[in-house]
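Morning, everyone. I'll take one structure today, from the whole chain down to single residues. Please bring it up on your screens.

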Amino acid sequence: MKYPGGPVWTPITPGNGVLIPRLITVEIREGASLVYRAVTDGLAPHLGLRLPIQGSLAGACYVENAPIGVRDVLQDPRVKRDLVESLRLRSCLLVPVRRGGAVVGVLKLQSSRPDAFAEDDLQVLGVLAGSAASGLAEAGELAATRAAARTEYRRRAVFDSAHDYAIVLLDLAGIVTDWNAGATKILGWRPEEMCGKPADAFFTPEDRRDGIPAMEMRSALEEGRGIDERWHLRKDGSRFWANGEMMVLRDEAGAAIGFVKILRDRTEQKQSAARLQESQDRYRLAARATNDAIWDWNLPADHVLWNEALTEAYGHAPEIVEPTGDWWIAQIHPDDRARVDASIHAVIDGAGTAWSDEYRFRRADGSYAHVLDRGYVLRDEAGRAVRMIGAMLDLTGRKQAEDALRESERRFGLERGLLEAIFRQAPVGISIAGAEAGMPSSLNAKAEEILGHGLGTEGDARYVSYGAMHPDGRRYEPAEYPTLRALRKGETVRGEEMRYRNPVTGEMRLLEVSSGPVRDAEGAIQAAVTVLVDVGDQRRADAETRRLAALVEQSQDFIGLAAPDGSVDFVNEAGRRLIGLADPAAARAMPIVDYFVPEERARVLDEVLPAVERNGFWEGELNFRHVVTGAAVPVLYNLFPVRGADGRRLGYGTVTRDLTEQKLARQALQASEATLRAVLDTVPVGILFAEAPSGRIVGGNRRLEEILRHPVLPSPNADSYGEWVAFHEDGRRVEPHEYPLSRIVREGAEHAALECHYQRGDGTRVWIEIVGVPMRDVKGELTGGVVAVADVDDRRKAEAQQELLNHELSHRMKNLLAMVQAIAASTLRGATDMDAAREVLGSRLVALGKAHDMLLGGAAESAPLSAVVREGVGVQEEAGRRVTFTGPDVEIGGKAALSLALTLHELTTNAVKYGSLSVPDGEVAVNASLVGNEDAPRLRIAWTERGGPPVVPPSRKGFGSRLIERGLTAQVNASLALDYRPEGVSCVVEASLADFQAVA
């Protein structure tokens, strides 16, 4: 039978008499999915649900084109598990729905119970699938007719409303089949004049001669479209330029059935483009006549045109140039950009017409060119700037020449100043003698110091008064002096040994004299330069220098010298080895700041050098840069000025110590400490350290403070452990010497442990376990102790709870065994058939077990009333499905639950054997309600049977009847009324809710 709008109710298997709901769906294919298109009311929320064909049970039926029956979907891997519960699906039948011989969908009959269908059901479902296919066909044809009408109406509306486009429909032979109003407007022919005629009429004679119409149709067929951009003919014979395309039309099967050609009149645009091209060609020819980059700026449109010089002179390819003012401004050097942008807009926004400026313009390769840019503004009648035309002249060559001249003058001045400084400050004597009288001659200070006099008289006569002698003791004749030999003969003298007596001190000095001529551009001798070196001082200085050099080279420290400008003069071998320099030349090639890692160079310039200037010394930790690997080399760096005998600064010196090994050791120590700290902060126990033998606390971890809820107490010795408040299990306070740390550091214990009740910083108490061991150095000497403190409060509470549960379980087992003994004794007391007695006893014990499981599944003290009823009738599983329950959501105590479950089991068993549940249409209603005063409500439970055979009161009462009448009355002080009415047995139990909920 079928209820209106409800599910179909049919037997689970033929003849079993049990009715369950079945639900039907019609699933139709749409693309790669099957869609719920028709469902019974039970599945209404799922209308429109999509299931993939691949990977679903319905998809398997569709693909295989064969019926499928599934007894239990949980055992079938093709079923989508995420839909089983929401669809209430446990077993199902599926048959394909065919239309015109092709599968279009699936008809499914499903149930919420496993094994709910028989073979006959599958045959009936096949018949229903045929009916479903017929209904789908009729509905589809009607929908298709309506859709076609709507489509044709929309197509015609679009076709006729496109007035700016000529739309022409052709058949495969090129004959016009339709012609819209736009075609009439553009081409001149009316539809009745062109329909049925070839489309060649509006092609030019030359295109018809070349077969262009046929080529367009072939292109559309082969490539999907034919491009049409050429001259066409109107009806009046005039020509117009059109662009458009031709596309192929296909039917539902994909076969070509004709063409659609769409045209638009673009004559005006074609002519405008031609005029613009002609203008641009003239402009381009004029622009090529100059090397300047000419630009034309349309100000309202912000569009800039450049000539080829932008590419030729500056390398900017046309395809990457954005034709905007912003692009132009962006190529200006950042230091010039704001100034140029302001100056050009001052002219544009003002009333002027001329603008010019010099700036740096970026080339495509990233370099900058110096340019002179000039522009002129064109304005409209209202004075608004509408256009600006200009030319950019590359000044780079001229700028470079000017810069080179300035650099040459600067170098000349520098060299002249350098020569003058060398002449004045050189540690050797220098004499400059002019070739002719009146030409300047001079001696530097060192020469006057060596000789003991100045130049003396003019001319060659001065050499007569000089006291120079050869190594063999002979006096120098004037013509033998190296200076005169260079002046008169052009001779170059190198290292000639001379002895010279200083007339002031009388000291005889050993000199090395070198002299050479100075010639002009024509080669004429203009002067002679003579150098005097005091060989005695030099030899003493050389010996001292050699000793110092040996010391420097044998040192393992980095020793270096740098000039005042920061250029490096010398680095010893150990220093070069430290940073990977190959040789002294490589050391001199790098300025002093490049010896450091990049991130510290600013510090050298901003902090180190100013400190040396200010204080005369700087020392601190820095990082050199290894020139090969790029790695940082930690050093203890110092810097100090190097001064000459006269106090002048000659440069800078450094004696730097490599800190690599020291830093690695420090980092290893820091890493070890960090690792230890991380371990201490992550272990789940508190850690406390103390030194020996004092017992002073030296540290603890974060977890210790979390457990104790106060900071680690800074105890100076083991005697101060009394500040900690803890108690033994018997209530005695823990003495200082009893703590494990004290036993380890004072008594030398190898292991110590204590479990105590500790009073925390917030006043609460917690059970803790303290376990400690000693710490020893490499010699085995005791250095301290360490203890681990664990929070064992939860463990002790769990142990107490476990003990309580064991006592409770023992108590419950005794009660349960007593009840089992009573049930068994009463069942067997009047039994005449042992097999029957065994079956009855078994079912009663099962009911008792289910009720007990229900209690243990919750809080073990009470259970919901609805669950007790469900378990009480559930022993008779098949019959129990026809027992309905209504009532309040209340909990009842454990004893009441056991008795009620046993009572309901007996009532259900009797109903199955003799009452309403013994026939297919019979049913039972269990109704519970709260009655009486709200402050002290009573719980009433009524059992009512309907639809069974006429009831006859029993001739005698067995244990089951006595259990029904006495079980609850004894447990909850209930009143019970059992009535054997002809239409069905009724049983009403009533007691106070408080008695039902009592747990003891």
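Let's start with the overall count. The protein has 28 helices and 41 strands. Keep in mind that this is a predicted model. Of its 1000 residues, 38% are buried. The accessible surface is about 54,900 Å². Carbon and sulfur atoms account for 54% of that surface. Now contacts. Take those between residues at least 6 apart in sequence: 47% of them join residues at least 24 apart.

Next, a sheet. In what order do its six strands run? The order is β30-β29-β34-β33-β32-β31. The sheet is open, and the pairing is antiparallel. As a reminder, strands of a sheet pair through backbone hydrogen bonds, either parallel or antiparallel.

Which strands stand at the edges? They are β30, residues 697–700, and β31, residues 726–727. Each has a single partner strand, so one side of each is left without a neighbour in the sheet.

Go to the β30 end. Strand β29 covers residues 686–691, and three bridges join it to β30. Within that pair, Ala690 stands opposite Ile697. A helix also packs on this sheet: α21, residues 740–747. Helix α21 touches β29, β30, β32, β33 and β34. Its direction makes about 165° with that of β34.

Now the other end. Two bridges join β31 to β32. There, Phe727 stands opposite His757 of β32. Follow β32 along and watch the side chains alternate. Ala752, Leu754, Cys756 and Tyr758 point to one face, and they are buried.

On to the next pair. Eight bridges join β32 to β33, again running antiparallel.

Where is it? Ser441 is in the loop between β18, residues 429–434, and β19, residues 442–443. Is Ser441 buried or partly exposed? Its relative accessible area is 26%, so Ser441 is partly exposed: the buried class stops under 20%. Its side chain reaches the backbone nitrogen of Gly434 at 2.9 Å. Not counting residues up to four places away in sequence, Ser441 touches Ile432, Ala433, Gly434 and Leu455. Ser441 and Val529 are 88 residues apart along the chain, and their C-alpha atoms are separated by 9.7 Å.

Asn638 counts as buried because its relative accessibility is 9%. What does its side chain meet? A polar atom of the Asn638 side chain lies 2.7 Å from the backbone oxygen of Val655. Leave aside neighbours within four places in sequence, and Asn638 is in contact with Phe617, Trp618, Glu619, Gly653, Thr654, Val655 and Thr656.

To recap the two residues. Ser441 is a partly exposed residue, with its side chain reaching the backbone nitrogen of Gly434. Asn638 is a buried one, with its side chain by the backbone oxygen of Val655 at 2.7 Å. That's my tour. Over to you.

Terms used:
Residues are numbered from 1 along each chain as its sequence is written. This is a predicted model: local features need pLDDT of at least 70, side-chain atom pairs count only at pLDDT 80 or more; totals for chains, interfaces and linings use all residues. Side-chain values use heavy atoms; hydrogens and water are left out. Two strands pair if DSSP finds at least two bridges between them. Helices (H or I, at least four residues) and strands (E, at least two) are DSSP runs, numbered from the N terminus. Contact means heavy atoms within 4.5 Å. Axes are lines fitted to C-alpha atoms, for helices over the stretch in contact, and angles run from 0 to 180 degrees between N-to-C directions. Buried means under 20% relative accessible area, exposed over 50%, partly exposed in between (1.4 Å probe, protein chains only). A polar contact is a pair of N or O atoms within 3.5 Å; within protein, one must be able to donate a hydrogen and the other to accept it, and residues adjacent in sequence count only if both atoms are side-chain atoms. Accessible areas come from the Shrake-Rupley method with a 1.4 Å probe; for residues, only the protein chains shown count as cover.
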